[in-house]
Amino acid sequence: MRWNWEWRVANVVVRFFSRVGAPLTDAIVKFGFACRFFVAVLRHTPTSLLRFSLTLREIWFAGVLSVLIIGVSGLFVGMVLALQGYDTLVRFGASSSLGILVALSLVRELGPVVGALLFASRAGSAITAEIGLMKATEQLAAMEMMAVNPIARVVAPKFWGGVISMPLLAAMFSAMGIFGGYLIGVQLLGLDAGSFWNQMQSQVDFRLDVLNGVIKSAFFGIAVSLIAVFEGFDAAPTAEGVSHATTRTVVTSALVILALDFVLTAFMFRGA
Amino acid sequence: MSDALVQFDQVRFAYGDAPVISDVSLSVARGQVVAVMGGSGSGKTTLLRMIGGQLRASAGTVWVDGEDMGGLGEAALYERRKKLGLLFQFGALFTDLSVFDNVAFPLRERTNLPEALVRDLVLMKLQAVGLRGAAQLMPNELSGGMARRVALARAIALDPQVMLYDEPFTGLDPISLTTIGSLIRELNDALGAASIVVTHDVAESLAIVDYVYFLAGGRMIAEGTPEAVKASEDPFVRQFIRGEKDGPVPFHKPAADYALELGVARG
């Protein structure tokens, strides 16, 4: 009887550890696979960039078709920023600095981050779904059997299409946002246009603010594109598997973008 | 057999601990059409994937045109696959490309032929499967039988030496069935290739093949020419050819004791 009792406790402990440990080891295995996948994508990059028409097609699908949502969102975010910023700044008699506030918020933070979040849900999910469905319908296997490497032909162009599109979309988001800020600040609230633009021009540093924003969005572009192509390639070849993979792309991308943003911001703007 | 294009020597394959293929030997010569028959889950598709090098044998050797597929690196494997054509069960056409571009895909990707020549070749391949008139359609506009014929035209685009067919007859109407069957035979003879048809469609395949292998539970349990197979007294072959429900292949998947599982008996 005594032995039986100890046996049960041991059993519960073992079960506890295997239940806690299994997701952890699964995650580590998946991360390792993602790293090897990334290396494979990089290895096949020259082939896909030499046939630039393939990448160009992906820039069209991921980038150009995202212009509308990015532009409209940027405009609205800029307008909201101006309304909220004006309300705060006017209490300190600093309403003429509205241009600086809008521009710095956008190029440093909101352009890259919100742009990347929108990009992940608009283009990343589409990339995952397309690759996942190609896998589910054996199109990737067929390609392999025709001696065409699907990573070189399908995955790498989609990856680079995303990487190239992301900074451009983020820049467009910021530009539209600043225009929205101008509309609200100058046209609606009646600030002086000269001081709005002049202060912005003198206070926004190209290297420290604009370039750092571009670097951020480049990192986000790599992260989102890699997550999107990887989840598609790793999807279970069923309808359910593709739907899960698409969800995972959006969720993982959002978390990675925000975490990466904190790390990058900490490096770029500490005390500056 | 030195003139065999495809040869299996005591091949074994397992997913983890579960054996899928055990000690399979077979050989297919140039000009031959061979059927590999067996029920669902008997390891037929695994066999094809090993010939294509998508899976590697755990033991034994898979020879394709005198080369060991298991020992090839990635680059050599891709080189070797140029000699192979595989027709997938449901065609696996690229849904974002037209019929023409699907057939042109291997030509454009694997050769440096001028576009005018690619066009002529594609039209010739489509003519061979009778679908030149469908060149501008998209895959979602095709019926199941037509999609498979387009996939067949794509598979033969590079004039492969070995043609592999994964369940080519599944889900086709009687007319498409006969069409695909005679295409398999004619294309094999025209290409001077070796063909392996993995199937469980007895009547259609016995009509076109030169030799039949029977696979059950991952083992090669019988083989012979279609005539020999039809006359065979082997219980498994008889069950399979006549489509009997119970026999050496049991109706029931092995399970725990029935009475015990329902709780009406104590173990």
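A polar contact here is a pair of N or O atoms within 3.5 Å; within protein, one of them must be able to donate a hydrogen and the other to accept it. Keep in mind that this is a predicted model.

Start with A:Asp205. At the start of helix H9 of chain A, a side-chain oxygen of A:Asp205 comes to within 3.3 Å of the backbone nitrogen of A:Arg207.

Now select the rest of H9(A), residues 206-234. With 29 residues at 1.5 Å a residue, this helix should span 42 Å, and its end C-alpha atoms lie 40 Å apart, so the two agree. Look along H9(A) for a kink of about 25 degrees, centred on A:Asn212.

Next, pick A:Asn149, in the loop between helix H6 (139-145) and helix H7 (150-188) of chain A. Is A:Asn149 buried or exposed? Its relative accessibility is 15%, and buried means under 20%, so A:Asn149 counts as buried. Leaving aside neighbours within four places in sequence, show what A:Asn149 is in contact with: A:His44, B:Glu74 and B:Tyr78.

That takes you over to chain B. Colour its open sheet of four antiparallel strands, which run in the order S2-S1-S4-S5. At the edges sit S2 (18-29) and S5 (67-68) of chain B, each pairing on one side only. Helix H1 of chain B (residues 44-51) packs on this sheet, touching S1, S2 and S4 of chain B, and its direction makes about 120 degrees with that of S1(B).

Last stop: S1 (residues 4-15) and S4 (residues 59-64) of chain B, an antiparallel pair with five bridges. Select B:Arg12 and you'll find B:Ala59 of S4(B) opposite.

Conventions
Residues are numbered from 1 along each chain as its sequence is written. Chains are lettered from A and ligands numbered from 1 in the order in which they are written. This is a predicted model: local features need pLDDT of at least 70, side-chain atom pairs count only at pLDDT 80 or more; totals for chains, interfaces and linings use all residues. Side-chain values use heavy atoms; hydrogens and water are left out. Two strands pair if DSSP finds at least two bridges between them. Helices (H or I, at least four residues) and strands (E, at least two) are DSSP runs, numbered from the N terminus. Contact means heavy atoms within 4.5 Å. Axes are lines fitted to C-alpha atoms, for helices over the stretch in contact, and angles run from 0 to 180 degrees between N-to-C directions. The expected span of a helix is 1.5 Å times one less than its number of residues. The bend at a residue is the angle between axes fitted to the seven residues ending there and the seven starting there. Buried means under 20% relative accessible area, exposed over 50%, partly exposed in between (1.4 Å probe, protein chains only).
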